[in-house]
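Please keep the model open while reading.

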Amino acid sequence: MTNPAHSRTSLFPPLVAATFVTALMAGIAADIVWEVWARGITPFLVGGPLQPAALVQGVFGFSNWALAELIHAVVGVVFYPLGYLFIARPIQRAVIPALPWWVTALAYGVGLWIFALYIMAHLFANQPPFLGFIPLTWASLAGHLLFALTLGAVVKARRV
């Protein structure tokens, strides 16, 4: 784990191996929670799973499902945790330093949801904004919130 005093005095986490191990651990844990929600729970709530690979296919215009799944997994396990550590938390620390970690995580989750369903689905894949606010839209919001809370909890527990 990294030095907790550093986290309180700097906007950014240190560029050390422990920070990247934490990011990877947080990404794996958050992705597992996402998958359980998306494929295990959502079908019972809205009649079908969340399928981010279909969105990836629509954005990039290819038909390889496995590649689309891999792209989404890498984004969730590697890039979203780094975004939380090096973009979301530094902004929060600069603007509202006393904000609890879980509020920052929830805000990040909303940001990920907006990115997925407005920027990627609407602007790049020509779907209606937020998929027309169908039940799957709200399941996606819940999934992104759970993802981000898990991410934030792991980062908090690792004291990065």
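A crossing of two helices is called right-handed if the near helix is turned clockwise from the far one by less than a right angle, and left-handed if anticlockwise. In this predicted model, H4 passes H5 in a right-handed crossing. The contact involves Tyr80, Gly83, Tyr84, Ala88, Arg89 and Gln92 on the H4 side, and Trp101, Thr104, Ala105, Tyr108, Leu112 and Phe115 on the H5 side. Sorted by class, these are eight nonpolar, three polar and one charged residues.

Two packed helices are described by the angle between their axes and the distance between the axes. For H4, residues 65-95, and H5, residues 101-124, the angle is about 120 degrees and the axes are 10 Å apart. Angles of 65 to 115 degrees count as roughly perpendicular and those over 145 as roughly antiparallel, and H4 and H5 are therefore oblique to each other.

Helix H2 spans residues 17-46, and its axis comes within 8 Å of that of H6, with a crossing angle of roughly 150 degrees. H2 is therefore roughly antiparallel to H6. The crossing of H2 and H6 is right-handed. Its contact residues comprise 19 nonpolar, seven polar and two charged.

How many aromatic pairs does a search of the whole structure find? The search finds nine. A pair of aromatic rings is described by the distance of the centres and the angle of the planes. One of the pairs consists of tyrosine 80 and phenylalanine 147, with 6.1 Å from centre to centre and 80 degrees between the planes, an edge-to-face arrangement. Tyrosine 80 belongs to helix H4 and phenylalanine 147 to helix H6, residues 135-158, so that the pair links parts of the chain 67 residues apart. Tyrosine 80 has also been named above as part of the contact of H4 with H5.

Are the two partners buried or exposed? A residue counts as buried under 20% relative accessible area. Tyrosine 80 has 16% and is therefore buried; phenylalanine 147, at 4%, is buried too.

Aromatic residues also form a cluster, made up of Trp113, Tyr118, Phe130, Phe133 and Trp138. Of these, phenylalanine 130 lies in the loop between H5 and H6. With a relative accessibility of 12%, phenylalanine 130 counts as buried.

The backbone at phenylalanine 130 can be considered next. Most residues other than glycine have a negative phi. Phenylalanine 130 has a positive value, near 50 degrees. Arginine 159 also has a positive phi, near 60 degrees. Arginine 159 is found in the segment after H6.

Valine 59 has a relative accessibility of 18% and so counts as buried. Which residues is valine 59 in contact with, leaving aside its neighbours within four places in sequence? They are Met120, Phe124 and Ala125. Valine 59 and alanine 98 are 39 residues apart in sequence, and their C-alpha atoms are 38 Å apart in space.

Note on methods
Residues are numbered from 1 along each chain as its sequence is written. This is a predicted model: local features need pLDDT of at least 70, side-chain atom pairs count only at pLDDT 80 or more; totals for chains, interfaces and linings use all residues. Side-chain values use heavy atoms; hydrogens and water are left out. Axes are lines fitted to C-alpha atoms, for helices over the stretch in contact, and angles run from 0 to 180 degrees between N-to-C directions. Helices (H or I, at least four residues) and strands (E, at least two) are DSSP runs, numbered from the N terminus. Angles under 35 degrees count as roughly parallel, over 145 as roughly antiparallel, 65 to 115 as roughly perpendicular and the rest as oblique. Contact means heavy atoms within 4.5 Å. Ala, Val, Leu, Ile, Met, Phe, Trp, Tyr, Cys and Pro count as nonpolar, Asp, Glu, Lys and Arg as charged, and the others, Gly among them, as polar. Rings of Phe, Tyr and Trp (its six-membered ring) pair if their centres lie within 6.5 Å; planes under 30 degrees apart count as stacked, over 60 as edge-to-face and the rest as tilted. Buried means under 20% relative accessible area, exposed over 50%, partly exposed in between (1.4 Å probe, protein chains only).
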